[in-house]
Amino acid sequence: MIGAMTLPQAPALGESAPVRRALIGATVMFLGAFLLAPLALIFAVAFGQGIAAYFASFRDPDTLSAIRLTLLAAAIAVPANLVFGVCAAWAIGKFEFFGKSFLISLIDLPFSVSPVVAGLIYVLLFGARGVLGPWLTAHNVHIIFAVPGIVLATIFVTFPFIARELLPLVAAQGNDEEEAALTLGANGWQTFLKVTLPNVKWALLYGVILCNARAMGEFGAVSVVSGHIRGLTMTMPLQIEVLYNDYQFVAAFAVASLLALLALVTLIVKSFVEWRVGKPGGQLA
Amino acid sequence: MSITVHKITKRFAHFTALDRVDLEIPGGRLVALLGPSGSGKTTLLRIIAGLEIADSGVVQFDGEDFSNRTAQQRRVGFVFQHYALFRHMTVFENIAFGLRVRPRRTRPSAQRIRARVTELLELIQLQNQAGRYPTQLSGGQRQRVALARALAVEPSVLLLDEPFGALDAKVRLELRRWLRNLHDEVGVTSVFVTHDQEEALEVADQVAVMNGGRIEQVGTPDDVYHRPTSSFVYNFLGNVNLFHGRIDDGTAYIHEEATGHLVFVRPHALEIARQPRGANYFRATTKHINAAGPLVKVEAVTEWGAPVHVEMAQERFRDLALRNGEVVYITPRDLAVFANEQRAG
């Protein structure tokens, strides 16, 4: 029986072959209808008027500026959250201190707060009528409806990704290896570089990829602080919306296809990391 | 290198792990810190290593105060209970680690490192496993790699925290004999923590018995086993029968109106007979007999209803032909008497 060969299981869990096929079939159909088909559609529309039209979309200066701004926001947000994530995971995973569980909930905050609210927080803080608004205006510093606001909002929403990916791993690994390194004469920096970092490198890579995907794809929070000034404060997701509303479908879907590609890269890296972690010397725990 | 621990105290939140502990470890010896869990033995070892900082007290290496030196500066070899091997490095890289992290001035050349690691791999008999990762080794092999890694830096002292605790019984027995031989060969001052009295007595030159954050007794295995200075030590080292009694004119009277003395008798120091002999005996009824093993273990109930354990040679057991539920007469050959500390306060 084919089913029994492909799905070796304990007899107690051995559903009959028709049930198994029905379950697998339903899952595949669901994934196909709700995930794969829309993804394929993006590329279909993007290339709908030929490859030339697809690449012509990227010659529009506003679109190019949106891509540049997205790359810039990600290039600042990802390293910032990388440093923060490693510090937070290290502090929470390795030490016991008062208020630790509160700190963990705080890190999760951006996950539970609507991105629109996240954007509004910055408007209330730095906007013209905000708490710090008059001072900022007096010193000619522009945050809201300018690039700094977009970077701040991006950092806020992508804040938990790397810390969350590292935390369980760091906590599970304990301090033994670091202590061993210290007794062998390694200093703190050597211990971090040669022992701690290699032990978490794959989780770290995956966290960075996730963080980057979200940083580039964020819409809500960025939309609130952006002000939608074409060529200046538009990121890729905002640009897609504007193009779509202007009935420029090919251009909208061409830019969307870039973000979709990013999702595919994320998936590939995730598979690679999982495969690598399963190999000797790369164990998670 | 000798180690001196002077009035070390360490508290965790509401728990005193070490209470003004003094200990002298002469150079070149293999010393066991023996005690039940929570007795402070691991904390003391970690304080000697510099992995934990004492609230007060002094740690000296060869008479020099090391209390304020970091673990990195103390040059101790530390072996962890769960090995703590670097999981992303091969066996070879693990052992080489301590040499590779040295500052450039004192770092040996690549060839010297290779030679040193090869030499250590031979010592632990794992020459063929150099390229393997820790997860591909058995528990006993991992612990040997951990030992080689600690020895690679030529430590001034070797500290081992329950080194055989995570291994199964047979490997444990093998490895502790191997450690004893290794110590005789290398001669580095070594301290190991254990809760297993048999392990401590078999391997160590000297045993420090710990209880409740204090050291109860320090001595050779022979000393602590045969001449315990406290009821705790007597109780902790080996099986024991406990009777309450009183002392009058150099005679112990057991199970009379107890007047603050504890009488201990080891199971093998009790003699079972079918007839009363001499004046020192009490009557008991056999309840359970276990004849599997080198000694026969008999569990009996005394005439006043307390359980008593007796061990005897297989031959003696055959001569007696004992069965369950028989009335026998038990004579202590050897006993130890301590003042009842609980009562004394």
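This is a predicted model: local features need pLDDT of at least 70, side-chain atom pairs count only at pLDDT 80 or more; totals for chains, interfaces and linings use all residues.
Q: Noted. Who is the bridge partner of B:Phe78 over in β7(B)?
A: That would be B:Leu159.

Q: And what about β7(B) and β8, how many bridges are there and which way do they run?
A: Five bridges link β7(B) with strand β8 (residues 189–194) of chain B, and the two run parallel. One pair to look at is B:Val157 with its bridge partner B:Thr189 in β8(B).

Q: How does the chain get from β7(B) to β8(B)?
A: It crosses through helix α6 (residues 169–186) of chain B, making a β-α-β crossover that is right-handed.

Q: Is β7(B) mostly covered or mostly open?
A: Mostly covered: five of the five residues in strand β7 (residues 157–161) of chain B are buried. Both faces are covered, with B:Val157, B:Leu159 and B:Asp161 buried on one side, and B:Leu158 and B:Leu160 buried on the other.

Q: Nice. Switching to helices: how many residues of α3 in chain B are buried?
A: Eight of the ten residues in helix α3 (residues 91–100) of chain B are buried, so that helix counts as mostly covered. Among them are B:Phe92, B:Ile95, B:Phe97 and B:Leu99. B:Asn94 and B:Gly98 are also on the buried list.

Q: What covers those buried residues of α3(B)?
A: The cover includes α4 (110–123) and α5 (139–152), both of chain B.

Q: Let's move to the other sheet. In what order do the strands β14 to β18 of chain B sit?
A: Those five strands form an open sheet in the order β14-β18-β15-β16-β17, and the pairing is antiparallel. The edge strands are β14 (270–273) and β17 (307–313) of chain B, each pairing on one side only. On average, neighbouring strands of this sheet are turned by 45° against each other, direction ignored.

Q: Remind me, what do strands of a sheet pair through?
A: Backbone hydrogen bonds, in either a parallel or an antiparallel arrangement.

Q: Back to β15(B): how many bridges join it to β16(B)?
A: Six, and strand β16 (residues 295–302) of chain B runs antiparallel to β15(B). B:Thr286 has B:Ala300 as its bridge partner in β16(B), while B:Thr285 stands opposite B:Val301.

Q: What's in the turn between β15(B) and β16(B)?
A: The two strands form a hairpin with four residues between them. B:Gly293 sits in that turn and has a positive phi of about 110°.

Q: And how many bridges join β15 to β18 in chain B?
A: Four bridges join strand β15 (residues 282–290) to strand β18 (residues 327–332) of chain B, and the strands run antiparallel. There, B:Phe282 stands opposite B:Ile330 in β18(B).

Q: Can we zoom out? How many helices and strands does chain B have?
A: Chain B has eleven helices and 19 strands. Its C-alpha atoms fill a box of roughly 80 × 45 × 35 Å along the principal axes.

Q: What percentage of chain B is buried?
A: Buried residues make up 41% of its 345 residues. As for contacts in chain B with a separation of 6 or more, 65% involve residues 24 or more positions apart.

Q: Now the interface: how many residues of chain A are in contact with chain B?
A: 18 residues of chain A are in contact with 20 residues of chain B. On the chain A side, α10 (176–183) and α11 (188–217) are the elements that give two or more residues. The largest share, six residues, comes from α10(A). That side of chain A divides into seven nonpolar, eight polar and three charged residues.

Technical notes: Residues are numbered from 1 along each chain as its sequence is written. Chains are lettered from A and ligands numbered from 1 in the order in which they are written. A residue is buried if 20 or more other C-beta atoms lie within 10 Å of its own, exposed if 12 or fewer, and partly exposed in between; C-beta atoms are placed from the backbone. Two residues are in contact if their C-beta atoms, placed from the backbone, lie within 7 Å. Two strands pair if DSSP finds at least two bridges between them. Axes are lines fitted to C-alpha atoms, for helices over the stretch in contact, and angles run from 0 to 180 degrees between N-to-C directions. Ala, Val, Leu, Ile, Met, Phe, Trp, Tyr, Cys and Pro count as nonpolar, Asp, Glu, Lys and Arg as charged, and the others, Gly among them, as polar. A crossover is right-handed if, with the strands pointing away from the viewer, the path from the first strand over the helix to the second runs clockwise.
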